[in-house]
Amino acid sequence: MTRFYPVETSVLHSPAWFVPFDEFAQRVRAADIATELDLFDPDVNGWVPQDTPAIRTPSGAIAYPELGRRRAPGAEPERFRVRFAGTGLAPLYPADGVDFDATVAGVEFTAYPYDDAHPPAVGSEPRLVRLLPGIAFPYGPGVRTVYGVVVDAVTRAPVANALVEARGTTIRDGIAWLERTLTNPDGAFRLALRWEGEPVTGPTPVQIFPLTATERPGRAGALDVRLPAERDRRHVIEIVQQ
C-alpha cells in the first residue's frame, strides 16, 4: 500500500483509490489511461463487466465512489476488479511486495455497503498501480533496448504476461537500477537497458546484463545478454520449474 500520493476525499466514499504510475518516466500518469470495471458474480462464478464510471481526481487518482452505496438494509459486500490500459503500457497488477503471477488480470477490491447515515465498515487508501513499458512503448531516441520471447522450456509455448527484469548497480556510484516489462500475448518483449551492465575485460569491451523472466512463484527463467554484440539478437528466455 502506497501512502505517498495525497488524493481528495470529498467524493462520497470510494472503496478503492488507484494511482496509475508510469514506471519508465517515474511519475504519476493520469492522461490516456483507461479503466474497465468488473463485478464477480457467484452465480456464474466469473467476472461480469460493469458500466459504472470512474472518477478522476485533480491529483491523478481514479476512484469509484458510487460502489457500495445502498438504500436498502441488509446489503452484502461485493467483489470488484479494475483493469487498466494505456497506449504502449502494460499494467503490473500485483502490489509492491507481493509475488508476481502472470494470471492476475486486474486489481481486486471489496466494496462494503454504506448509506448517508452509516459509513462503510472498512475504509480505503490509495493503491499505486505500476504501468510498465510494453512491447509497443514509444521509447525516445537513443534508448537502448533488447528484444526477445519468453517460452515454456518443455512445450515451447509462448508465455504471455511474464515479468521480464534486468537489474544491477552503476559502476561509478554503486546505485541500484531496475528495468522491467511484461510480455505480450505472444510471449514477446522489448526491454530498455538504460544503465551500465557488468563489465568484462578483453579485446572488445563487453557488458553483461542478467535478464530474468517470471511466470509465477516457482516458474522462472534467466538469460545473460552481452552488449553491444547481442543487441540485435532475438533472445529466448525459457521458463522452467524452480
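**Entry 1**

I note here that the model is a predicted one. Strand β16 covers residues 206-216 and strand β17 covers residues 219-227, and they pair in the antiparallel sense over nine bridges. I looked at the turn next. The hairpin formed by β16 and β17 has two residues between the strands. Gly218 sits in that turn and has a positive phi of about 90 degrees.

**Entry 1. From β17 to β18**

I followed the chain onward from β17. A hairpin of six connecting residues leads from β17 to β18. These strands run antiparallel and are joined by two bridges. For Ala220, I found the bridge partner in β18 to be Val240.

**Entry 2. The chain as a whole**

I stepped back for the overall figures. The protein chain has 18 strands and zero helices. I recorded the span of the C-alpha trace along its principal axes as about 75 × 40 × 25 Å. Of the 242 residues in the chain, 42% are buried. The accessible surface comes to about 13,300 Å², and carbon and sulfur atoms account for 53% of that surface. I also looked up contacts between residues at least 6 apart in sequence; 64% of these join residues at least 24 apart.

**Entry 3. Nonpolar cores**

Which residues have the most contacts inside the largest nonpolar core? I found Phe18, Phe84 and Phe109, in a core of 22 residues. The elements giving two or more residues to this core are β3 (33-41), β7 (78-86), β9 (107-111) and β10 (126-133). As background, nonpolar side chains in soluble globular proteins tend to be buried together.

I then listed the contacts of Phe18, leaving aside neighbours within four places in sequence. Among the residues in contact with Phe18 are Phe84 and Phe109. The list also includes Gly60, Ala61, Ile62, Tyr64, Val82, Val107, Arg127 and Val129.

**Entry 4. Asp22**

I checked Asp22, which is placed in strand β1. Is this residue buried or exposed? Asp22 counts as buried, because its relative accessibility is 3% and the cut-off for buried is under 20%. The Asp22 side chain is joined to that of Arg29 by a polar contact of 3.1 Å. Beyond neighbours within four places in sequence, I found Asp22 in contact with Arg27, Arg29 and Leu131.

I searched the whole structure and got 15 salt bridges. As a general point, side chains of opposite charge can pair when their charged atoms come close.

Arg130 is buried at a relative accessible area of 17%, and Glu23 is buried at 12%. I also found that a network of salt bridges links Glu23, Asp96, Arg130 and Arg180.

**Entry 5. Salt bridges: Glu238 and Arg156**

I went on to Glu238, which forms a salt bridge with Arg156; their closest N and O atoms are 2.6 Å apart. Glu238 is in strand β18 (residues 234-241), and Arg156 is in the loop between β11 (145-152) and β12 (163-169), so this pair ties together parts that are 82 residues apart in sequence. Glu238 counts as partly exposed at 36% relative accessibility, and Arg156 counts as partly exposed at 41%.

**Entry 6. Salt bridges: Arg233 and Glu230**

The last pair I looked up was Arg233 with Glu230. Their closest N and O atoms are 3.2 Å apart in a salt bridge. Arg233 is partly exposed, with a relative accessible area of 48%, whereas Glu230 is buried at 12%.

Technical notes. Residues are numbered from 1 along each chain as its sequence is written. This is a predicted model: local features need pLDDT of at least 70, side-chain atom pairs count only at pLDDT 80 or more; totals for chains, interfaces and linings use all residues. Side-chain values use heavy atoms; hydrogens and water are left out. A nonpolar core is a set of buried Ala, Val, Leu, Ile, Met, Phe, Trp, Tyr and Cys residues joined through side-chain atoms within 4.5 Å. Buried means under 20% relative accessible area, exposed over 50%, partly exposed in between (1.4 Å probe, protein chains only). Helices (H or I, at least four residues) and strands (E, at least two) are DSSP runs, numbered from the N terminus. Contact means heavy atoms within 4.5 Å. A salt bridge is a side-chain nitrogen of Lys or Arg within 4 Å of a carboxyl oxygen of Asp or Glu. Two strands pair if DSSP finds at least two bridges between them. Accessible areas come from the Shrake-Rupley method with a 1.4 Å probe; for residues, only the protein chains shown count as cover. A polar contact is a pair of N or O atoms within 3.5 Å; within protein, one must be able to donate a hydrogen and the other to accept it, and residues adjacent in sequence count only if both atoms are side-chain atoms.
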